[in-house]
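Please look over the points below with the model open beside them.

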Amino acid sequence: MESFPIESLPSAGDIHMACFTAVKNAPELKEKLQNQDKSLTFAMVESNLIMDVFQLLVAATKAAHDNETGKLATQNISSEIIYNLSPSKNIAESLKRFGITEDTTSLIAVKIGGNPDEIMEEMSRTVDGNLVSFSKLDQEKDMVKLRQYYKIDPKVTEDKEILNWIIGAMSMKNVQ
C-alpha cells in the first residue's frame with residue numbers, strides 16, 4: 001500500500017491506495033457495493049482504467065475537497081472517488097465504467113484518511129487477491145477503453161500525453 005498526503009487539505013488525512021491482482025471475490029464485493037454495505041469503507045476501482053497513480057490522486061483529492069465542503073455529487077466519498085475518474089457527469093455511468101464488476105480480477109482500493117496499518121489490514125481482509133506494486137499498472141491498462149471513455153485523439157500516442165488528456169477530461173467535467 002502507498003500513502004500520499006493531501007497537501008492542500010491536511011485535515012482530510014492521507015490518500016491510501018493498494019493494488020490487487022488475481023482477485024477471487026469480485027462478485028461478493030460487487031454485491032456488497034450494490035447493497036450499500038457500510039462495512040466497505042474504501043473505493044474499489046478497475047485497475048485496467050488507470051493510466052497512472054496521479055489519475056487516482058487527482059480524483060481522490062477532489063473527492064476530499066468536495067467532502068470537506070459538503071459538495072459530494074454521490075452518496076459517499078468512496079463513490080465520489082470513482083465518479084471523479086470519469087469525464088462524464090452521469091453518476092451511474094461513471095460508477096459502472098470505473099467501479100468493479102463481477103468479472104474484475106484486478107483492482108485498486110482507495111481510502112482517504114485513517115491509520116495506514118489498519119487500512120492495509122482492512123483492505124487485505126476484504127479483497128481476496130494478491131497485493132502488488134503499482135508498477136504492475138503498465139501491464140493492466142486497457143488502452144481501447146481508455147481511448148473510448150476519455151475520447152483520446154488517435155494521434156496522441158505518448159503515455160505522458162495520454163495521461164494529460166485524461167486529467168484534462170476529468171477536470172473539465174465540472175467546468176461550465
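1. K62 and D66 sit four residues apart in helix 2, so about one helical turn separates them. Helices here are DSSP runs of H or I with at least four residues, strands are runs of E with at least two, and both are numbered from the N terminus. The two side chains form a salt bridge, with the closest N and O atoms 2.7 Å apart. A salt bridge is taken as a side-chain nitrogen of Lys or Arg within 4 Å of a carboxyl oxygen of Asp or Glu. K62 is partly exposed at 30% relative accessible area, whereas D66 is buried at 12%. Buried means under 20% relative accessible area, exposed over 50%, and partly exposed in between, with a 1.4 Å probe and protein chains only.

2. A note on the source: this is a predicted model, in which local features need pLDDT of at least 70 and side-chain atom pairs count only at pLDDT 80 or more, while totals for chains, interfaces and linings use all residues. Residues are numbered from 1 along each chain as its sequence is written, and side-chain values use heavy atoms, with hydrogens and water left out.

3. How many salt bridges does the rule give? The count is five. One of them joins R97 to E93, with the closest N and O atoms 3.5 Å apart. Both residues belong to helix 4 (residues 91-98), where they are four residues apart, about one turn of the helix. R97 is partly exposed, with 24% relative accessible area, and E93 is partly exposed as well, with 28%.

4. D159 and K141 form another salt bridge, the closest N and O atoms being 3.5 Å apart. This pair links distant parts of the chain: D159 is in helix 8 and K141 in the loop between helix 6 (137-140) and helix 7, 18 residues apart. D159 is partly exposed at 43% relative accessible area, while K141 counts as buried at 18%.

5. Two backbone angles deserve a look. Most residues other than glycine have a negative phi. A22 is not a glycine, yet its phi is positive, about 50 degrees. A22 lies in the loop between strand 2 and helix 1 (26-34) and is partly exposed, at 38% relative accessibility. Q36, also a residue other than glycine, has a positive phi near 55 degrees. Its place is the loop between helix 1 and strand 3, and Q36 is partly exposed at 45% relative accessible area.

6. The largest nonpolar core holds 39 residues, and those with the most contacts inside it are M17, L85, I108, V110, I112 and Y150. A nonpolar core is a set of buried Ala, Val, Leu, Ile, Met, Phe, Trp, Tyr and Cys residues joined through side-chain atoms within 4.5 Å. Among the elements that each supply at least two residues are strand 2 (15-21), strand 4 (107-112), helix 2 (53-68) and helix 8 (159-172). Helix 2 gives the most, with seven residues. A second, separate core of 15 residues includes F20, V23, M120 and V127.

7. What does V110 touch beyond its neighbours within four places in sequence? It is in contact (heavy atoms within 4.5 Å) with I15, H16, M17, F42, A43, L56, A60, I81 and M123.

8. I152 lies in the loop between helix 7 and helix 8. Is this residue buried or exposed? I152 is buried, with a relative accessible area of 6%. Not counting residues up to four places away in sequence, I152 touches L146, R147, I162, W165 and I166. The C-alpha atoms of I152 and I166 are separated by 7.8 Å, although the two residues are 14 apart along the chain.

9. The lining of the largest pocket has 24 residues, of which L33, Q36, N76, S79 and L95 lie nearest the centre. A pocket is an open set of points on a 1 Å grid over the protein atoms alone, where a 1.4 Å probe fits and protein lies on both sides within 12 Å along at least five of seven lines; lining residues have an atom within 4 Å of a point. Helix 1, strand 3, helix 3 and helix 4 each give two or more residues to this lining.
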